[in-house]
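Please read it alongside the sequence and the coordinates.

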Amino acid sequence: QGYSSAASDVYKRQYILFPKRWKKRINLFFYIFFICYLLCVFLITIPPFFSFQSIEVQELLHFVNIIPLSNNQGGFLSSQDFSQCIMNAIMFVPLGVLLPLTLKRRIRIRYFIFICFGFSLTIEVIQLIGTYSGLLLRSFDVNDILFNTIGGTFTYGLSLIHISEPT
């Protein structure tokens with residue numbers, strides 16, 4: 001039996017369900033939907049803008065958490081912190097489906113993990129730089145990176161479990 005991505009199967013089946021002339025429209029739809037998703041992630045993670053609070057490097061450490069599964073105060077995750085981590089994972093769930101649909105091919109799982117990690121790290125670094133510059137008031141949290149990567153990879157992994165018919 002051959003393994004394939006459920007997302008790529010959906011892409012392949014579109015040609016059976018829709019006339020050939022709709023191919024470009026369907027591809028355009030996937031690209032627009034993916035760009036809208038990225039815009040939504042940006043709008044959720046980056047604002048509030050322009051706090052104009054001068055933050056010293058010593059104060060910046062209160063906005064940074066580099067210890068996995070702990071909060072900014074150094075303790076274990078509370079139920080509120082854990083629910084925020086679950087929401088971070090859910091935020092990256094669409095990435096596991098939309099990226100293969102947009103690229104129209106299967107991606108190796110290690111590359112997909114790298115893409116999720118890189119996208120999440122980019123968001124966190126923007127938040128850290130924005131906080132240091134006084135434009136944003138957000139925190140850098142390694143838990144966000146961890147759970148964002150888990151959320152996107154979990155969904156992509158589910159799409160890989162789909163077993164196609166033997167050819």
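## Accessibility and leucine 121

A residue counts as buried under 20% relative accessible area, as exposed over 50%, and as partly exposed in between. The model is predicted, and all values below are computed from it.

Is leucine 121 buried, exposed or partly exposed? Its relative accessibility is 31%, so leucine 121 counts as partly exposed. This leucine is found in helix 6. Leaving aside residues up to four places away in sequence, leucine 121 touches Phe140 and Ile145. A separation of 9.4 Å lies between the C-alpha atoms of leucine 121 and leucine 146, which are 25 residues apart along the chain.

## Overall fold

The chain contains seven helices and two strands. Read from the N terminus on, the order of elements is α-α-α-β-α-α-α-β-α.

Of the 167 residues in the chain, 36% are buried. Among contacts with a separation of 6 or more, 78% are accounted for by residues 24 or more positions apart.

## Helix 6

Helix 6 covers residues 109-133, a total of 25 residues.

The buried residues of helix 6 are Phe112, Cys116, Ser120, Ile123, Glu124, Gln127, Gly130 and Thr131. An α-helix has 3.6 residues a turn, so residues three or four places apart point the same way.

## Packing of helix 5 and helix 7

Two packed helices are described by the angle between their axes and the distance between the axes. For helix 5 (residues 93-103) and helix 7 (residues 142-161), the axes come within 6 Å and cross at roughly 50°.

Which residues make the contact? Helix 5 contributes Val93, Gly96, Val97 and Pro100, while helix 7 contributes Gly151, Gly152, Thr155, Tyr156 and Ser159. By class, this contact of helix 5 with helix 7 has four nonpolar and five polar residues, and no charged residues.

Conventions. Residues numbered from 1 in each chain as written. Predicted model: local features only at pLDDT ≥ 70, side-chain atom pairs only at ≥ 80, totals over all residues. Heavy atoms only, no water. Helix = DSSP H or I, 4+ residues; strand = E, 2+ residues; numbered from the N terminus. Expected span 1.5 Å × (residues − 1). Buried < 20%, exposed > 50% of the residue type's maximum accessible area, 1.4 Å probe, protein only. Axes fitted to C-alpha atoms, helices over the stretch in contact; angles between N-to-C directions. Contact = heavy atoms within 4.5 Å. Nonpolar A, V, L, I, M, F, W, Y, C, P; charged D, E, K, R; others polar.
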